[in-house]
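Student: I would like a close look at a single part of this model, with the rest of the chain as background. Please take me through it slowly.

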Amino acid sequence: MKAATLMDLAINRIRQYLPEDHEIDDINCEDNIFQICVFDVAKFPGRLVDRFRFEIRASETELETYDRFNDTLCKFVESWR
């Protein structure tokens, strides 16, 4: 599974749980790793408040990667509920 595909899934899921005054910005994606930063934009300039980071491991199968991704993402969005 490609990092860009997982990154798109993460962005869509994270956005659902962010408070109104928080935004996703500063997204970085390389070959096997990506990072999504969340900023509090209630005041200028926005302040980094959280970061979702995920790395695809060559030693894992696609299913193992997706399961780990899903677990990691669930824990991350749980903090925004």
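Student: What percentage of the 81 residues of the protein chain count as buried? After that, please look closely at the aromatic rings: how many aromatic pairs does a search of the whole structure find?

Tutor: This is a predicted model, in which local features need pLDDT of at least 70 and side-chain atom pairs count only at pLDDT 80 or more, while totals for chains, interfaces and linings use all residues. Residues are numbered from 1 along each chain as its sequence is written, and side-chain values use heavy atoms, with hydrogens and water left out.

Of the 81 residues of the protein chain, 33% count as buried. Buried means under 20% relative accessible area, exposed means over 50%, and partly exposed lies in between (1.4 Å probe, protein chains only). The chain has 2 helices and 3 strands, in the order α-β-β-β-α from the N terminus on. These elements are DSSP runs numbered from the N terminus: helices are H or I with at least four residues, and strands are E with at least two. Along the principal axes, the C-alpha atoms fill a box of roughly 45 × 25 × 15 Å.

Now to the rings. The search of the whole structure finds 7 aromatic pairs. Rings of Phe, Tyr and Trp (its six-membered ring) pair if their centres lie within 6.5 Å; planes under 30 degrees apart count as stacked, over 60 as edge-to-face and the rest as tilted. Phe 54 has a relative accessible area of 2%, so it is buried. Phe 69 is buried as well, at 1%. Both belong to one aromatic cluster, whose members are Phe 34, Phe 52, Phe 54, Tyr 66, Phe 69 and Phe 76.

Asp 40 is in strand 2 (residues 33–40), and its relative accessible area of 15% makes it buried. A polar atom of the Asp 40 side chain lies 2.9 Å from the backbone nitrogen of Ala 42. That is a polar contact, a pair of N or O atoms within 3.5 Å; within protein, one must be able to donate a hydrogen and the other to accept it, and residues adjacent in sequence count only if both atoms are side-chain atoms. Leaving aside residues up to four places away in sequence, Asp 40 touches Asp 21, His 22, Gly 46, Arg 47 and Val 49, where contact means heavy atoms within 4.5 Å.

The peptide bond from Phe 44 to Pro 45 is cis, with omega near -5°, and Pro 45 is in the loop between strand 2 and strand 3.

For contrast, take Gln 16, in the loop between helix 1 (3–15) and strand 1. Gln 16 is exposed, with a relative accessible area of 58%. The side chain of Gln 16 reaches the backbone oxygen of Asn 12 at 3.4 Å.
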